[in-house]
Amino acid sequence: MKVLPISSMLKKATKLFNEFIRKRDSEQPCISCGKYHTLQAGHYYSAGKYPELRFNEHNVNGQCKSCNYFKSGNLLEYRKNLISKIGIEAVEKLDFIADQSKKNHWKWNAFYLTEIINKYKK
């Protein structure tokens, strides 16, 4: 069995996870602006700065391209609507994980990425 490099595994895991989010939220409006558009997988806490939250289903929601890219996530509205969607306790848990991530040095590993790939593959 061929073992993929971590970078290839991360790319594959991200693709599968983002497809899952877009499908999960396909009938929902944009988490930030509330309009019905083609949705992307928009992260509340950015995947680059907070890798621990990259594959967290509460942290990633359907978001239109305008809010995700051109409005830098439109985070004030995202947070308000995220609280309505998952509850304040779940949002505060994301806040806690994000705060803790500043103290940790995250490193991807093949075992974790394999779990993500297997969980979200079709």
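This is a predicted model: local features need pLDDT of at least 70, side-chain atom pairs count only at pLDDT 80 or more; totals for chains, interfaces and linings use all residues.
Residues are numbered from 1 along each chain as its sequence is written, and side-chain values use heavy atoms, without hydrogens and water. Local features need pLDDT of at least 70, side-chain atom pairs count only at pLDDT 80 or more, and totals for chains, interfaces and linings use all residues. Helices (H or I, at least four residues) and strands (E, at least two) are DSSP runs, numbered from the N terminus.

Helix H1 covers residues 6–24 and has 19 residues. Its first and last C-alpha atoms lie 26 Å apart. This is close to the 27 Å expected at 1.5 Å a residue, where the expected span is 1.5 Å times one less than the number of residues. Several residues of H1 are buried, among them Met9, Leu10, Ala13 and Phe17. Buried means under 20% relative accessible area, exposed means over 50%, and partly exposed lies in between (1.4 Å probe, protein chains only). An α-helix has 3.6 residues a turn, so residues three or four places apart point the same way. The buried residues of H1 pack against strand E1 (39–43), strand E2 (60–64) and helix H5 (110–120). Contact here means heavy atoms within 4.5 Å.

E1 and E2 run antiparallel and are joined by five bridges. Two strands pair if DSSP finds at least two bridges between them. Leu39 has Cys64 in E2 as its bridge partner. E2 is mostly covered, with five of its five residues buried.

The loop between helix H2 (65–70) and H3 holds Asn74. Ser72 is in the loop between H2 and H3 as well. Ser72 is not a glycine, yet its phi is positive, at about 50°. Asn74 also has a positive phi, near 45°. Ser72 is exposed, because its relative accessible area is 60%. Asn74 counts as buried, because its relative accessibility is 18%. Leaving out residues up to four places away in sequence, Asn74 touches Ser32, Cys33 and Cys67.

Helix H3 (residues 75–86) and helix H4 (residues 88–101) have axes that come within 7 Å and cross at roughly 125°. H3 is therefore oblique to H4. Axes are lines fitted to C-alpha atoms, for helices over the stretch in contact, and angles run from 0 to 180 degrees between N-to-C directions. Angles under 35 degrees count as roughly parallel, over 145 as roughly antiparallel, 65 to 115 as roughly perpendicular and the rest as oblique. Arg79, Leu82, Ile83 and Ile86 in H3 meet residues of H4 including Ile88, Val91 and Asp95.
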